[in-house]
Amino acid sequence: MKTTIHQLSAFAGQEVTLSGWVYHSRHSGKVAFIVLRDGTGLCQCVIEKGRIPDDLFDQLVRLGQESSLSLSGVVRAEPRSPGGHELAVTAASIVCPTQDYPITPKEHGVEFLMKNRHLHLRSQRTWCIGRIRHTVIDAIRRFFNDNGFTLVDTPIFTAAAGEGEQTLFSVDYFGKPMFLSQTGQLYLECAAMSFGKVYCFGPTFRAEKSKTRRHLTEFWMVEPEVAYIELPGLLELAENFVSSVVKRVLKDNRPELETLGADIAMLEKIEPPFHRLTYTDAADILTSSRTVQFMAEQLEQFKAQKTALEKQLADIEAAEKAGGLKQWQKDKNARLQIELRAELDELNIKIENNPKHAQLASEFKWGKDLGGSDETIISLMHDKPVFVTHYPREAKAFYMKTDRDNPKVVQNFDLLASQGFGEIIGGSVREDDLQYLLKRVEEEGYDPQHYDWYLDLRKYGSVPHGGFGLGVERTVAWITNERHIRQCIAFPRLMDNVCI
Ligand code: 4AD
Ligand code: MG
């Protein structure tokens, strides 16, 4: 019976065939252990000499990492096997023996891994994140489809900027300049006047000249847009939406979250209501003595963690030096050392950045957009995601509605994910008054002719409306506790690296 690792628990005591790749293997003279990977999980397969022909046993033992093969055997419960079951092998067929697979269980630099992304996709971390991304995308569609939204696919070729001209990618469109879409929002506003509640979901392009862990030049964004909605309604929609996505991942991907070391306790707390701050509150927090103290405490914590990690590494090295370790213990230590060193690198970056970020926060001036480090500080100070609303008008896009009570600010919000991950959603109520909007188009120096159809929406049955955009990769990074968003899309495009 052919099956997959994911379904093994239904076959305990029965004979099955699994097809996959060698993830890891080790052997003594009489027994070989192959951890098989089949795309649905990992399973330890035990091959005892004598149960299969000797020459086949010898071939299996020599198989390198990522060799492809099918193994048949009896399924038995084994808590120490990665998925809780192991296979007692009775037959095997080798499909493609492989030696010298380039990505081994040792440390590789980012550059190397990006160049080998076609192979790196098979590694366990990348696989776990890819599975969670799949769930996130399914949960996103389910939420909007179940809540009365109509899907509208907006174009990728666009004639005008939606989010600022500095980040437009231009293309030659039969001799005329066009741009790759920065947002589907302006088109979606048209569609909201037809369907009421709409969403688009697709690739988004920004010529971001920033090499941060939060920026891709091509990313996926889902954007809902709703007619007859005000700011409080939008915030409620956003918190219900994000909570439903997190719940689905907790339900469907717990093993992957555990493997990744995600903060499951934090995720379990994600439910409405989220925290709400105005931009002015956030600016006050950043320049307060509370932030000075918070940053100093963080630095102490990082230093203590660093000392503990260094001790752990020293202990492992001492054990290695003392000798007498079995091969499997050496392998386990090697993997642990990689993890610990990666953690240490990250801590060193945090320790180096802390004083700079504290300085930036203390110098924060009302009127500026919040920077990445400011967002990190605000989000670290809260146990749940935080809405920051009412930003200064000049820091934000032309289409955001000017607050009539305080014209210095707009009716917008960013949602900052918890644990320092920063902005995952940007949204606003849209300017629905023709005169106000025309003024903003002119202030930005845009050509009103490019926006004639957009302005028409304010002439014919204009209504209060609004929406937001959620970045898939940033959301996946937050949920999986992955520092860099390049790991959260199969083939990342960054300013200085487009992998393969
Ligand atoms: O805040 P942004 O720029 O908002 C808009 O594009 C609006 N038009 C959305 C709307 O109201 N319909 O982008 C929304 C989200 C960000 O919060 C972030 O999660 C993600 O898109 N994002 C990026 N993700 C990865 N790389 C980048 N360069 C990103 N820029 C934005
Ligand atoms: Mg934004």
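Good morning. I begin with a loop: Phe 174 is found between strand E8 (170-173) and strand E9 (176-180), where helices (H or I, at least four residues) and strands (E, at least two) are DSSP runs numbered from the N terminus. The structure is a predicted model, in which local features need pLDDT of at least 70 and side-chain atom pairs count only at pLDDT 80 or more, while totals for chains, interfaces and linings use all residues. Residues are numbered from 1 along each chain as its sequence is written, chains are lettered from A and ligands numbered from 1 in the order in which they are written, and side-chain values use heavy atoms, with hydrogens and water left out.

Let me stay with the backbone. Phe 174 has a positive phi, near 50°, although it is a residue other than glycine. At 77% relative accessibility, Phe 174 is exposed; buried means under 20% relative accessible area, exposed over 50%, and partly exposed in between, with a 1.4 Å probe and protein chains only. Tyr 228 also has a positive phi, near 60°. Tyr 228 sits in the loop between strand E11 (218-227) and helix H6 (231-252), and with 65% relative accessibility it counts as exposed. For context, most residues other than glycine have a negative phi, and most peptide bonds are trans. A cis peptide bond, with omega about 0°, joins Pro 272 and Pro 273. Pro 273 belongs to the loop between helix H8 (264-268) and strand E12 (275-278).

I turn to the chain as a whole. Its secondary structure comes to 15 helices and 16 strands. The C-alpha trace spans about 85 × 50 × 45 Å along its principal axes. Of the 500 residues, 49% are buried. Among contacts (heavy atoms within 4.5 Å) with a separation of 6 or more, 69% involve residues 24 or more positions apart. The chain is divided into domain 1 (5-96), domain 2 (118-280 + 364-488) and domain 3 (293-349), with bounds that come from an automatic or database domain assignment. The centres of domain 1 and domain 3, taken over C-alpha atoms, are separated by 32 Å.

How do helices H11 and H12 cross? The axes of H11 (residues 327-362) and H12 (residues 372-380) come within 9 Å and cross at roughly 95°. Those axes are lines fitted to C-alpha atoms over the stretch in contact, and angles run from 0 to 180 degrees between N-to-C directions. The two helices are therefore roughly perpendicular, a class that covers 65 to 115 degrees, whereas angles under 35 count as roughly parallel, over 145 as roughly antiparallel and the rest as oblique. H11 contributes His 357, Leu 360 and Ala 361 to the contact, and H12 contributes Ser 373, Asp 374 and Ile 377.

Next, the cysteines. How many disulfides does a search of the whole structure find? The search returns 0 disulfides, a disulfide being a pair of cysteine sulfur atoms within 2.5 Å. For Cys 45, the nearest cysteine sulfur is that of Cys 43, 4.4 Å away. Cys 45 is buried, at 0% relative accessible area. For Cys 499, the nearest is that of Cys 488, at 13 Å, and Cys 499 is buried at 16%.

Arg 486 and Arg 214 are 272 residues apart in sequence, yet 8.4 Å apart in space, C-alpha to C-alpha. Beyond its neighbours within four places in sequence, Arg 486 contacts residues including Val 110, Met 114 and Leu 216.
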